[in-house]
Amino acid sequence: ARSDALPRDLEGLRVVVSAGGTREPLDPVRHLGNRSSGKQGYALARVAAQRGADVTLVAAHTEALPEPAGAEVVHVSTARRLGAAVEEAASTADVVVMAAAVADFRPADTADHKIKKTDHSPDPTISLVRNPDILAGLVEARRPGQVIVGFAAETGDEHGSVLEHARAKLKRKGCDLLVVNAVGEGKAFEMEENTGWLLSADGTEQRIPLGAKSLLAATVWDAVTELVRHRAH
Ligand code: CTP
Ligand code: CA
């Protein structure tokens, strides 16, 4: 779609989108990371800007991607830095979308020199500590009327299906919308296309057909504008 063909229905909204995968340093040359490409978050930011929103994109590590036209981009690396940047932008925003893959844990210690094989006579063990849950913090600090969107990458397991895990996560997180991607075996990560469900706190569940990440982005922004319209009345 040509950008001038899109509705300007996000005009006047301040939105924050986080994207990419955080990196948690072990030493000056090593980190723990994840496979997020950042494409879905960038598509969300790009589509929001095309539809007239005032966009701040907080970008962790991504593939080489063009900066979305019209968005202010803040580059960060660790989960804690991403949290600080998102919180600051969220304090004046109408909508926050947490599309970033945030590391749940970070190394308990970061060496200030490169770890050498000779530093350890037995092979080293990495201890991890929990990172703060940024989305949970946003929900706790939510401004009146602010819409908060989470993402969940799920695989089914013996405790439940992808959708069952996602429904539980929506309740646990307390956000307004949760975008659910099934992951594993060539799904979602590093792909050009995406599919999943959009779960709403009001119980609505919408299947998102397989399509470009910009299509999923458009579906999310459609649902967000509905919520914003409701709250304005
Ligand atoms: N998230 C976050 N801060 C974290 C971890 C996750 O803000 N420390 C956000 C993600 O950006 C995403 C949502 O929470 O929008 C769900 O992430 P996910 O990893 O699926 O959820 P977790 O609560 O970390 O659960 P799990 O144990 O399944 O990883
Ligand atoms: Ca997680």
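Author: A residue is buried if 20 or more other C-beta atoms lie within 10 Å of its own, exposed if 12 or fewer, and partly exposed in between, with C-beta atoms placed from the backbone. This is a predicted model: local features need pLDDT of at least 70, side-chain atom pairs count only at pLDDT 80 or more, and totals for chains, interfaces and linings use all residues. Residues are numbered from 1 along each chain as its sequence is written, while chains are lettered from A and ligands numbered from 1 in the order in which they are written.

Reader: Why does Phe151 count as buried?

Author: Phe151 has 26 C-beta neighbours inside 10 Å, so it is buried. Phe151 sits in strand E9; strands (E, at least two residues) are DSSP runs, as are helices (H or I, at least four), numbered from the N terminus.

Reader: What makes Asp104 partly exposed?

Author: Its count is 13 other C-beta atoms within 10 Å, therefore Asp104 is partly exposed. Asp104 lies in the loop between E6 and strand E7 (105-107).

Reader: Why is Val129 called exposed?

Author: Val129 has 10 other C-beta atoms within 10 Å, so it is exposed. Leaving aside neighbours within four places in sequence, Val129 is in contact (C-beta atoms, placed from the backbone, within 7 Å) with Phe105, Arg106 and Ala108.

Terms used. Contact = placed C-beta atoms within 7 Å.
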